[in-house]
Amino acid sequence: DNIVGIIRDLDENGFLVEFDFDSSHVRLLSKLVGYDFGNENVHTTLGRIYFGKNELTEEEYKSSKNLTFQLLYGDESFEFSHKFFNFVEQFKQRLWQFFLANNFVATPVSKRLIRRKFFEGEIKVSKLLNYYLQAYESEYCMQVMGKLNSFLSDKETCPILFTYDSFLIDFQPTDSIDTLRDL
């Protein structure tokens, strides 16, 4: 899942390590639509296409993230042709048509229903996709948290914080460094 670990604080009692999912929303969406970005950073990969060059500046990388989310959820008049976005558009339309016909969609993992009555005001396809994807992300991360807790159950190292798409781990030196590698 292309997890990047970052050591945040180091002392004689251990240290904190953050594991962050690379491009969480876009990767989960790519899983739903059957598109594989491989191990490359998604925003770098798409940025190379957007800007027509191999090396991105920090500003271009940030712009790449913004453009991707604009294409997924934002301005409908802004179009960009790429196989991934074509797959996303087809998925959005299938999701939308099912929602219109049934007044609900079921989340991918737990099959919880996202019902029309949950939305205030007008609902658009991009809003439905956003709700659906956020529900999927929550369900997916709960599965990961379960695996993480199981893996660490016989160790001193423990998770101490989960936010959005990252986990903060309190690594204890009594556990081998292989614990981090295996995570």
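Asn103 counts as partly exposed, because its relative accessibility is 39%. This residue belongs to a predicted model, in which Asn103 is found in the loop between helix H4 (83-102) and strand S3 (104-106).

- Most residues other than glycine have a negative phi.

**Helices H3 and H4**

- Helix H3, which covers residues 58-73, packs with H4 at an angle of about 30°, and the axes of the two helices are 10 Å apart.
- H3 and H4 are therefore roughly parallel to each other, since angles under 35 degrees are counted in that way, and their crossing is right-handed.
- On the side of H3 the contact is made by Thr68, Leu71 and Leu72, while H4 contributes Phe84, Phe85, Val88 and Lys92.

**Helices H1 and H5**

- Helix H1 (residues 24-33) and helix H5 (residues 125-152) pack with their axes 10 Å apart and at an angle of about 95°.
- H1 and H5 are therefore roughly perpendicular to each other, because that description applies to angles from 65 to 115 degrees.
- The contact is made from H1 by Ser24, His25, Leu28, Leu29, Lys31 and Leu32, and from H5 by Leu129, Asn130, Tyr132, Leu133, Gln134, Tyr136, Glu137 and Tyr140.
- Eight nonpolar, four polar and two charged residues make up the contact of H1 with H5.

**Aromatic rings**

- Counting rings of Phe, Tyr and Trp whose centres lie within 6.5 Å, the model has 16 aromatic pairs.
- One of these pairs is formed by Phe84 and Phe85, whose ring centres are 5.1 Å apart and whose planes stand at 65°, so the pair is edge-to-face.
- Phe84 is buried, at 0% relative accessibility, and Phe85 is buried as well, with a relative accessible area of 8%.
- Phe98 and Phe104 also form an edge-to-face aromatic pair, with 5.6 Å from centre to centre and 90° between the planes.
- Phe98 is partly exposed, with a relative accessible area of 38%, and Phe104 also counts as partly exposed, at 24% relative accessibility.
- One aromatic cluster is formed by Phe21, Tyr136, Tyr140, Phe162 and Phe167; among these residues, Tyr136 and Tyr140 also take part in the contact that H5 makes with H1.

**Asp22 and Asn39**

- Asp22 lies in the loop between strand S2 (14-21) and H1, and this residue counts as buried, at 9% relative accessibility.
- From C-alpha to C-alpha, Asp22 and Asn39 are 9.5 Å apart in space, and they are 17 residues apart in sequence.

How values were computed: Residues numbered from 1 in each chain as written. Predicted model: local features only at pLDDT ≥ 70, side-chain atom pairs only at ≥ 80, totals over all residues. Heavy atoms only, no water. Helix = DSSP H or I, 4+ residues; strand = E, 2+ residues; numbered from the N terminus. Buried < 20%, exposed > 50% of the residue type's maximum accessible area, 1.4 Å probe, protein only. Axes fitted to C-alpha atoms, helices over the stretch in contact; angles between N-to-C directions. Parallel < 35°, antiparallel > 145°, perpendicular 65-115°, else oblique. Left-handed = near helix turned anticlockwise from the far one by under 90°. Contact = heavy atoms within 4.5 Å. Phe/Tyr/Trp six-rings, centres within 6.5 Å; stacked < 30°, edge-to-face > 60°. Nonpolar A, V, L, I, M, F, W, Y, C, P; charged D, E, K, R; others polar.
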